[in-house]
Amino acid sequence: LGLRGHPDEEIFQFAVSRSLVLLTNDLGFGARARSISGCPGLVLVRLPNEWPTSAVNDWIEKALLGLPSEALSGSLIVVEPERIRIRQLR
């Protein structure tokens, strides 16, 4: 989407204004998502930095494909090596 390197607030507002679920490993977005109403959803990836990109992508895909689509909407989803946590933002 061409937002790499843009300020977090700009990226967050872009996602909110288009009702897009944001996928990130930036913990700052988790705090922002919990504090602002109307966040369409956030997937926070907490996987080891040593993992190759292909392994990270495979793990995220496996984690999200196992969830019903309605679980993404309005949720904070934390993807970790051993588990997936889901918390409602609203």
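Colleague: Which residues does Thr24 touch, not counting residues up to four places away in sequence?

Modeller: Thr24 touches Phe29, Leu42, Val43, Leu44 and Val45, where contact means heavy atoms within 4.5 Å. This is a predicted model, in which local features need pLDDT of at least 70, side-chain atom pairs count only at pLDDT 80 or more, and totals for chains, interfaces and linings use all residues. Residues are numbered from 1 along each chain as its sequence is written, and side-chain values use heavy atoms, with hydrogens and water left out.

Colleague: Why does Thr24 count as buried?

Modeller: Buried means under 20% relative accessible area, exposed over 50%, and partly exposed in between, with a 1.4 Å probe and protein chains only. Thr24 has 12% relative accessibility, so Thr24 counts as buried.

Colleague: How do you know that the buried residues of H2 line one face of the helix?

Modeller: Phe29, Gly30 and Ala33 are buried in helix H2, residues 27–35. Seen down the axis of H2, these buried residues fall within an arc of 105°, so they line one face; the arc is that of the directions from the helix axis to the C-beta atoms. Helices (H or I, at least four residues) and strands (E, at least two) are DSSP runs, numbered from the N terminus.

Colleague: And what makes H1 oblique to H2?

Modeller: H1 and H2 pack at an angle of about 50°, which makes H1 oblique to H2. Angles under 35 degrees count as roughly parallel, over 145 as roughly antiparallel, 65 to 115 as roughly perpendicular and the rest as oblique.

Notes
Axes fitted to C-alpha atoms, helices over the stretch in contact; angles between N-to-C directions.
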